[in-house]
Amino acid sequence: MRIEGVPASAGYAEGPLFDLDRPPAVYAGKATAAEEKTALEAAIGKAVSRLTAMVEAADSDAAGILEFHIAMLEDDALSGPAFAAIASGRTADVAWRQVLDAEIAGYEASDQDYFRARATDLRDIRDQVLRALTEDGGSTAPSGAILCGEDIAPTRFLETDWSHGGGIALKAGSTASHVAMLARSRGVPMVVGLREPPASLAGMALLDAEHGSIVLAPSPAEIGAFRQSSSSFAARQGMAQRFLARPAVTRAGTAVRVQVNIADPSDVDAIDIATCDGVGLMRTEFLFGKTLPDEETQYRAYRKVLDWAGDKPVTIRTVDAGGDKPVPGFTVEEGNPFLGLRGIRLSLARLDIFRVQIRALLRAAPHGNLRVMFPMISMADEYERAAALFAEEQTALVARGIAQKVPPLGIMVEVPSVAIAPEGFAGVAFFSIGSNDLTQYVMAAARDNAAVAHLNSVRHPAVLRLIGSVTAFGRENGIPVSLCGDAGGDPAAIPSLLEAGLRDLSVAPAQLAMAKAAIADVSV
Amino acid sequence: MSAAAEATVLITHDVGLHARPSVKFTKLAKTFAADVEIALAANGPWFDAKSIVKVMAAKAPKGTVLHIRASGNGADDAVRALIDLVQRDFDEDADHVRSA
């Protein structure tokens with residue numbers, strides 16, 4: 001029986017199943033409220049000291065999570081209401097559960113992924129104390145087991161010995177959870193969002209967390225195929241790592257530039273600049289959250305990335321809000337947002353906001369190899385108006401005696417009108433092909449709609465032909481052309497992109513090694 | 001002797017006032033005798049800055065303007081120290097909180 005799910009941490013595991021949701025032992029009630037209170041105090045104390053012991057053996061990521069749990073357990077804001085419930089006649093376990101369940105419900109109701117994911121931490125905190133109350137230390141999974149259940153507590157993850165393999169398969173769960181983060185950093189295979197609950201949690205199972213599935217009671221043929229995929233994954237990983245530190249070159253000796261796409265300045269903390277050729281796309285939407293960012297906040301964000309990159313180019317895209325990326329107080333409600341006021345169209349409609357970003361970019365430019373590009377350009381006039389704003393703001397900064405520089409200004413090629421008739425843009429400093437949007441507009445298939453996902457292929461001849469002609473136009477006119485969509489990091493698409501003439505790709509940091517390995521296999 | 005102080009600061013840490021930053025924030029708040037509270041808007045609601053349960057419940061993401069007020073002994077110092085902590089991005093390099 002195979003159950004599909006969502007990969008949260010890539011890898012393969014083969015081992016016995018372990019049921020995470022076995023019901024806990026039953027709490028034996030005490031005679032008086034005072035005894036109930038003492039029992040709860042003791043259980044909280046016991047949970048805290050268990051966690052404190054775990055902190056000492058933990059690395060800094062894990063310690064941060066454990067310290068958060070300890071601080072929550074030690075907070076009167078949780079124990080106080082529980083003691084009050086005991087005073088009004090509840091037993092210790094009911095009182096504690098009642099208070100924690102109310103907190104958990106608050107997190108689950110949040111509209112932000114980060115806070116919904118914290119509900120798992122709160123359930124963990126709740127269960128640690130309940131476990132201490134019932135004196136049930138929690139049975140441990142056998143070594144190399146695949147832990148299966150509704151969700152998993154971070155402490156359960158940390159208590160588990162992963163040195164002999166094993167993995168996690170969850171019915172709920174989130175790729176943004178603390179456990180998913182830990183699993184990725186430790187290389188523990190993990191799948192979340194299983195489509196259906198496993199019929200039985202006994203016997204062996206095969207967890208494929210590269211594609212997202214678990215096979216229960218596997219046949220010998222399934223085991224054979226699984227082991228092949230598993231060793232091929234290990235070999236690819238090992239091989240790709242060898243490519244990471246080297247410049248990317250095809251089998252025929254053609255050099256290919258490989259840059260990274262980042263969304264948040266802190267992304268660069270985990271990347272060695274020596275492993276890439278710069279930043280091909282820095283998104284700036286992340287700055288536009290609940291509130292619009294001021295000039296100083298933006299300047300500091302841009303500076304951080306420029307300082308990190310040194311002499312290597314950093315291509316910052318002006319805010320690409322709208323479409324599937326609404327920003328309160330900035331974007332507008334539209335019936336068909338992908339064809340509406342998004343990207344440069346929105347920026348040109350809200351000059352008060354756009355000018356702030358332009359000033360921050362002008363001030364950051366002298367501090368590195370900055371390039372700026374505009375998203376969703378469909379007519380040359382849009383580029384010219386945006387470029388004129390840079391000139392205007394430069395004049396104003398000069399008048400105020402503030403250091404500035406106008407960076408090379410380029411455009412995203414993602415609207416078919418530009419890809420079909422690039423000759424209107426002979427004056428821009430560079431082209432960056434946004435393959436995600438170009439594909440969805442050429443194929444008329446929204447990229448957030450699973451029902452038309454099969455149409456959304458960058459390898460369709462119509463899309464590849466446009467990429468090829470834009471690349472040729474750039475070569476003939478001395479305009480550098482790169483590509484920064486998801487296709488750039490997809491080993492299956494890379495051969496077609498290089499054949500179309502591209503020699504400059506920008507990929508997600510996690511895909512850097514695999515992309516370089518795929519390039520080395522291409523014969524152009 | 002009693003005093004009161006209030007100030008605002010922009011949260012620039014990439015996940016906002018969340019798990020680990022909240023631990024640091026409440027620990028620092030507890031070192032002051034003054035009553036300290038936080039809010040996401042000038043008119044409240046105000047949360048006890050010494051309680052991690054309450055601080056987490058404020059659910060302040062990055063980009064939030066955090067209001068901090070204190071009253072009582074050392075109110076000024078408390079507000080200044082907490083503002084400073086937020087401005088230093090909670091002394092984190094933030095690599096452990098990167099999303100997928």
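Where in chain A is the place of Met376(A)? Met376(A) sits in the loop between strand E13 (369-374) and H12 of chain A, and this residue is one of several local features described below for a predicted model. The secondary structure of chain A comes to 17 helices and 17 strands, while chain B has three helices and four strands.

- Chain A has 524 residues, of which 46% count as buried, and among its contacts between residues at least 6 apart in sequence, 67% join residues at least 24 apart.
- In chain B, which has 100 residues, buried residues make up 46%, and 74% of the contacts with a separation of 6 or more are accounted for by residues 24 or more positions apart.
- The order of elements along the sequence of chain B follows the pattern β-α-β-β-α-β-α.

**Nonpolar cores**

- The largest nonpolar core has 91 residues, and within it Ile146(A) and Leu207(A) touch the most other members; H2(A) gives the most to this core, with eight residues.
- This core draws at least three residues from each of domain 1 (24-133) and domain 2 (146-237) of chain A.
- Leaving aside neighbours within four places in sequence, Leu207(A) is in contact with Tyr12(A), Ala13(A), Ile146(A), Gly167(A), Ala169(A), Pro189(A), Val191(A) and Ile214(A).
- A second, separate core of 81 residues includes Val314(A), Leu346(A), Met412(A) and Phe425(A).

**Helix packing in chain A**

- Helix H11 (residues 351-364) of chain A and helix H12 (residues 380-399) of chain A have axes that come within 10 Å and cross at roughly 65°, and the crossing of H11(A) with H12(A) is right-handed.
- On the H11(A) side of this contact stand Phe354(A), Arg355(A), Ile358(A), Arg359(A) and Leu362(A), which meet Leu389(A), Phe390(A), Glu393(A), Gln394(A) and Leu397(A) in H12(A); the residues of the contact divide into six nonpolar, one polar and three charged.
- Helix H1 (residues 33-57) of chain A packs with H5(A) at an angle of about 115°, the axes being 8 Å apart, and H1(A) likewise passes H5(A) in a right-handed crossing.
- Here Ala39(A), Ala43(A), Ile44(A), Lys46(A) and Ala47(A) in H1(A) meet Gln128(A), Val129(A), Ala132(A) and Leu133(A) in H5(A), a set of residues that divides into seven nonpolar, one polar and one charged.

**A covered helix in chain B**

- Helix H1 (residues 19-29) of chain B is mostly covered, with nine of its eleven residues buried; among the buried residues of H1(B) are Arg20(B), Val23(B), Lys24(B) and Phe25(B).
- The cover over the buried residues of H1(B) comes from both chains, and includes helix H2 (60-73) and helix H5 (113-133) of chain A together with strand E2 (35-39), helix H2 (52-57) and helix H3 (75-87) of chain B.

- Ala301(A) lies in helix H9 (residues 295-309) of chain A, and Ala301(A) counts as buried because 23 other C-beta atoms lie within 10 Å, where 20 or more are required.
- Not counting residues up to four places away in sequence, Ala301(A) touches Pro265(A) and Leu287(A); Ala301(A) and Ala364(A) are 63 residues apart in sequence and 9.3 Å apart in space, C-alpha to C-alpha.
- Gly501(A), in the loop between helix H16 (494-499) and strand E17 (504-507) of chain A, is partly exposed, with 16 other C-beta atoms within 10 Å.
- Leaving aside neighbours within four places in sequence, Gly501(A) is in contact with Gly468(A), Thr471(A) and Ala472(A), and Gly501(A) and Ser469(A) are 32 residues apart in sequence but 8.9 Å apart in space, C-alpha to C-alpha.

**Backbone geometry**

- Most residues other than glycine have a negative phi, and most peptide bonds are trans.
- Met376(A) has a positive phi of about 65° although it is not a glycine, and with 24 C-beta neighbours inside 10 Å Met376(A) counts as buried.
- Lys59(B), found in the loop between H2 and strand E4 (65-71) of chain B, has a positive phi of about 50° and counts as partly exposed, with 19 C-beta neighbours inside 10 Å.
- The peptide bond from Gly44(B) to Pro45(B) is cis, with omega near 0°, and Pro45(B) is found in the loop between E2 and strand E3 (47-48) of chain B.

Terms used:
Residues are numbered from 1 along each chain as its sequence is written. Chains are lettered from A and ligands numbered from 1 in the order in which they are written. This is a predicted model: local features need pLDDT of at least 70, side-chain atom pairs count only at pLDDT 80 or more; totals for chains, interfaces and linings use all residues. Axes are lines fitted to C-alpha atoms, for helices over the stretch in contact, and angles run from 0 to 180 degrees between N-to-C directions. Helices (H or I, at least four residues) and strands (E, at least two) are DSSP runs, numbered from the N terminus. A crossing is left-handed if the near helix is turned anticlockwise from the far one by less than a right angle, and right-handed if clockwise. Two residues are in contact if their C-beta atoms, placed from the backbone, lie within 7 Å. Ala, Val, Leu, Ile, Met, Phe, Trp, Tyr, Cys and Pro count as nonpolar, Asp, Glu, Lys and Arg as charged, and the others, Gly among them, as polar. A residue is buried if 20 or more other C-beta atoms lie within 10 Å of its own, exposed if 12 or fewer, and partly exposed in between; C-beta atoms are placed from the backbone. A nonpolar core is a set of buried Ala, Val, Leu, Ile, Met, Phe, Trp, Tyr and Cys residues joined through C-beta atoms within 7 Å. Domain bounds come from an automatic or database domain assignment.
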